Amino acid sequence: LCITPITDNEITDKNYYDDHMYMTNSTLKMFMEKSPKYFNYRINNPIKTTAAMRFGTAFHMYELEGREMFEKHYAVEPDGIDKRTTIGKVTLEKFNQTLRGREIISYKDYKLIVDMHQELGKDAHYDLIEECNEFEKIYLWNNDTLKIKCKGKIDAINTRDKYIVDLKTTRDASPKAFKETIINQKYHMQAAFYCDALGYKDYYIYAIEKSKPHCVCMYKMSEELLKEGRLMYTQAII
């Protein structure tokens, strides 16, 4: 495959999900699992953000971009507020005055994010994330072979050692269960899509369970799975 990077900054965090000129891994999955008609429908009828999706976004920001960045975008709701009482209503009103455009996250979800972050930090392979130097980075590129413009927002990248780390929350991070998740969710297609964009060969997935004790497993995408994923996204584009 011939890949040419696009170096302008026409796609930003603010317009990333509104843009439909660039192909993403998610839109390719729509073509594969549904149809072009379904894709066109979703352009005008976006899937509503779920609580799980919102949690995943918040966790990624805390873990990959740091607490300071997290606190610029999120405000943690005080714990134990009884919104039926006068004191509760006053407390909530004061809290709302501090938002300044930030998104509200419950104390329960915030505590869960912190607990998961601490468990990740204990993992023997956590240096894979710590040694990355780009996080939540948007990449644009031309797939010259397939004649299409593509984009991706990649979790973590080590540009020195040339590898990508993908952070996933899951119900079961064990090898047997997560292998099925990789195939069912087509994570290997995403891995090939991003590796080809950057010209990298190494792609790691950090899987962490949302329920206690927040078991953590790290997986390296095999060359065989990358080849299969490459074939999948190529056929989807064609």
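This is a tour of one predicted protein model, stop by stop, with what to select at each one.

Residues are numbered from 1 along each chain as its sequence is written, and side-chain values use heavy atoms, with hydrogens and water left out. Because the model is predicted, local features need pLDDT of at least 70 and side-chain atom pairs count only at pLDDT 80 or more, while totals for chains, interfaces and linings use all residues.

**The whole chain**

Start with the protein chain shown as a cartoon. Its secondary structure comes to 10 helices and 8 strands; helices (H or I, at least four residues) and strands (E, at least two) are DSSP runs, numbered from the N terminus. Along the principal axes, the C-alpha trace spans about 65 × 45 × 30 Å.

Now switch to a surface. The protein chain exposes about 14000 Å², of which carbon and sulfur atoms supply 51%; accessible areas come from the Shrake-Rupley method with a 1.4 Å probe, and for residues only the protein chains shown count as cover. Of the 238 residues, 42% count as buried. Buried means under 20% relative accessible area, exposed over 50%, and partly exposed in between (1.4 Å probe, protein chains only).

Contact means heavy atoms within 4.5 Å. Among contacts between residues at least 6 apart in sequence, 68% join residues at least 24 apart.

**Strand 1: Ile6**

Select Ile6, which is in strand 1. With a relative accessible area of 16%, Ile6 is buried. Draw a distance from Ile6 to Leu140: the two are 134 residues apart along the chain, and their C-alpha atoms are separated by 5.1 Å.

Met23 counts as buried, at 13% relative accessibility. Its contacts, apart from neighbours within four places in sequence, are Leu28, Phe31, Ile148, Lys149, Cys150, Lys151 and Phe193. Met23 and Lys149 are 126 residues apart in sequence, yet 6.1 Å apart in space, C-alpha to C-alpha.

Thr24 belongs to the loop between strand 1 (3–6) and helix 1 (25–33). At 12% relative accessibility, Thr24 counts as buried. Beyond four places in sequence, Thr24 is in contact with Tyr16, Lys151 and Phe193.

**Helix 1**

Next, select helix 1 and colour its buried residues: Asn25, Thr27, Leu28 and Lys29. What covers them? The cover includes helix 2 (36–44), helix 8 (175–185), helix 9 (187–198) and helix 10 (223–237).

Go to Ser106, in the loop between strand 3 (103–105) and helix 6 (107–121). Is Ser106 buried or partly exposed? At 28% relative accessibility, Ser106 counts as partly exposed. Not counting residues up to four places away in sequence, Ser106 touches Val76 and Glu77. Tyr74 lies 32 residues from Ser106 along the chain, with a C-alpha separation of 9.8 Å.

**Backbone exceptions**

Most residues other than glycine have a negative phi, and most peptide bonds are trans.

Select Lys162, in the loop between strand 5 (148–158) and strand 6 (163–170). Lys162 has a positive phi of about 60 degrees although it is not a glycine. With a relative accessible area of 45%, Lys162 is partly exposed.

Then select Lys186, in the loop between helix 8 and helix 9. Phi of Lys186 is also positive, near 60 degrees. Lys186 counts as buried, at 14% relative accessibility.

Finish at Pro213, in the loop between strand 7 (202–209) and strand 8 (216–220). The peptide bond from Lys212 to Pro213 is cis, with omega near 10 degrees.
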